[in-house]
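This report covers the ligand site and the salt bridges of one protein model. The sequence and structure come first.

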Amino acid sequence: MKLFLDTADLDQMREACRWGIVDGATTNPTLVSKTGREPRELYAEICRLVPGPVSLECMATEADAIVAEAQQLATIAENVVIKIPIIPEGLIAVKRLTALRIQTNVTVVCSPLQALLAAKCGATYVSPFVGRWDAMGQVGMEMIRQIKTIFDNYGFATQILVASARHPLHVLEAALAGAHVTTIPLEVMKQLYQHPMSDVIIEQFVNDWAKVPAKG
Ligand code: E4P
């Protein structure tokens with residue numbers, strides 16, 4: 001499963017990309033607003049840094065305007081993926097962008113049927129928001145499992161990009177469900193490395209190594 005970093009913060013991207021496990025990145029209007037940066041300039045820097053697809057969100061709401069905005073965003077770099085919210089006009093634009101060979105990520109997906117519609121329009125990725133589902137007292141991962149079954153049943157090439165992931169268990173369950181990608185904040189990416197048992201064992205080895213005589 002690929003791991004994307006869910007941020008627009010360049011320092012966070014530099015830090016995580018150094019680890020060699022970042023396959024791409026996702027941004028959204030909220031994350032961009034936190035940086036205080038001019039978007040297009042920021043997007044260009046992110047696309048240079050990240051060794052893989054970078055999702056940039058369209059803010060237009062009418063199909064012609066979405067396509068025009070997407071075409072502009074696509075000129076920023078070759079690794080740009082156009083993020084489009086799941087609205088009827090958005091899916092009209094997705095179909096047109098697919099014909100133009102521009103990659104798309106249908107975002108804010110909150111039901112398996114929305115994912116089905118996005119796949120029918122040729123979306124490159126669908127982004128189901130699992131953390132937001134959990135917050136409503138529902139099991140977000142159930143949506144992922146259902147989308148996986150639907151896509152497998154009909155051979156859709158659209159990739160499932162698990163979004164709004166909040167903790168390592170979301171990453172584990174996404175991988176077990178066969179999702180193609182999970183996008184996570186830097187803090188969750190750091191947590192993936194951690195286990196208290198590993199710390200204990202490493203400490204034991206370090207202490208024992210100190211007792212080994214005549215090293216060198
Ligand atoms: C994914 O592409 C989104 O940026 C992200 O995961 C949104 O999730 P959140 O707003 O629930 O954190």
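## Ligand contacts

In this predicted model, an N or O atom in the side chain of Arg166 lies 2.7 Å from an oxygen atom of the ligand. The protein covers 88% of the 340 Å² of accessible area that the ligand has on its own.

Lys83 places a polar side-chain atom 2.7 Å from an oxygen atom of the ligand.

## Ligand surroundings

Around the ligand are Asp6, Thr26, Asn28, Lys83, Phe129, Arg132, Ala163, Ser164, Arg166 and Thr183. Sorted by class, this shell holds four charged, four polar and two nonpolar residues. Phe129 and Ala163 belong to the nonpolar class, while Asp6, Lys83, Arg132 and Arg166 belong to the charged class. Thr26, Asn28, Ser164 and Thr183 count as polar.

## Salt bridges

The model has ten salt bridges. One of them joins the side chains of Arg37 and Glu41, with an N to O distance of 3.1 Å. Arg37 has a relative accessibility of 27% and is therefore classed as partly exposed. Glu41 is also partly exposed, because its relative accessibility of 46% falls between the limits of 20% and 50%.

Another salt bridge links Glu142 to Arg145. The closest N and O atoms of this pair are 3.2 Å apart.

Key
Residues are numbered from 1 along each chain as its sequence is written. This is a predicted model: local features need pLDDT of at least 70, side-chain atom pairs count only at pLDDT 80 or more; totals for chains, interfaces and linings use all residues. Side-chain values use heavy atoms; hydrogens and water are left out. A residue is near a molecule or strand if one of its heavy atoms lies within 4 Å of it. A polar contact is a pair of N or O atoms within 3.5 Å; within protein, one must be able to donate a hydrogen and the other to accept it, and residues adjacent in sequence count only if both atoms are side-chain atoms. Accessible areas come from the Shrake-Rupley method with a 1.4 Å probe; for residues, only the protein chains shown count as cover. A salt bridge is a side-chain nitrogen of Lys or Arg within 4 Å of a carboxyl oxygen of Asp or Glu. Buried means under 20% relative accessible area, exposed over 50%, partly exposed in between (1.4 Å probe, protein chains only).
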